[in-house]
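Hi,

Here is the structure I promised to pass on. Have a look, and then read on for what I found in it.

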Amino acid sequence: MQSKYMIFFNLTIETISFIMKPISLSLRLFGNIFSSEIIFNLIDNMNTISNVILNLIWAIFHYLVLPLQAFIFITLVIIYISQLLKH
């Protein structure tokens, strides 16, 4: 009798986990891209002479970090797919 309830509970938890993994991955990617754009806008709104230099420094940093973000994103996608196919 208890196993029926545990199967339902386990199915509910696994369904929520299955749905939330891609959502959390997409929100993480969106947050990383959006935060960089916000920093570009904040630098532009400082009204100083050094805006061009600060934007250039941030752009160099941003383009150095982009491959790392892409690597993390692809790694997480591969992990999620491999967990999905293992079951």
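A quick definition before the details: I call two residues in contact when they have heavy atoms within 4.5 Å. Keep in mind that this is a predicted model, where local features need pLDDT of at least 70, side-chain atom pairs count only at pLDDT 80 or more, and totals for chains, interfaces and linings use all residues. Residues are numbered from 1 along each chain as its sequence is written, and side-chain values use heavy atoms, with hydrogens and water left out.

Overall picture first. The protein chain has 2 helices and 0 strands; helices (H or I, at least four residues) and strands (E, at least two) are DSSP runs, numbered from the N terminus. The C-alpha trace spans about 75 × 25 × 10 Å along its principal axes. The radius of gyration is 21 Å, whereas a compact globule of 87 residues would have one near 12 Å (taken over C-alpha atoms; the globule rule is 2.2 Å times the number of residues to the power 0.38). Of the 87 residues, 10% count as buried, with buried meaning under 20% relative accessible area, exposed over 50% and partly exposed in between (1.4 Å probe, protein chains only).

Now the rings. There are 3 aromatic pairs in the structure. Rings of Phe, Tyr and Trp (its six-membered ring) pair if their centres lie within 6.5 Å, and planes under 30 degrees apart count as stacked, over 60 as edge-to-face and the rest as tilted. Phe30 and Phe34 are a stacked pair, because their ring centres are 5.4 Å apart and their planes at 10 degrees. Both sit in helix α1 (residues 2–44), 4 residues apart, which is about one turn of the helix. Phe30 is exposed at 52% relative accessibility, while Phe34 is partly exposed at 45%.

Phe40 and Trp58 pair edge-to-face, with 6.5 Å from centre to centre and 75 degrees between the planes. Since Phe40 belongs to α1 and Trp58 to helix α2 (residues 51–86), this pair ties together parts that are 18 residues apart in sequence. Phe40 is buried, at 17% relative accessibility. Ring pairs also join Phe40, Trp58 and Phe61 into a cluster.

Beyond neighbours within four places in sequence, Asn55 is in contact with Phe40, Ile43 and Asp44. Asn55 has a relative accessible area of 16%, so it counts as buried. Other buried residues of α2 include Asn51 and His62.

In the loop between α1 and α2 you will find Met46. It is partly exposed, at 41% relative accessibility. Again leaving aside neighbours within four places in sequence, Met46 is in contact with Asn51 and Leu54.

What about the length of α2? Its 36 residues should span 52 Å at 1.5 Å a residue, and its end C-alpha atoms are 51 Å apart, which agrees (the expected span is 1.5 Å times one less than the number of residues). There is a kink of about 25 degrees at Val65, shortly before the proline Pro67; the bend at a residue is the angle between axes fitted to the seven residues ending there and the seven starting there. Further along α2 is Leu85, which is exposed with a relative accessible area of 67%. From C-alpha to C-alpha, Leu85 and Leu64 are 33 Å apart in space, and 21 residues apart in sequence.

Cheers
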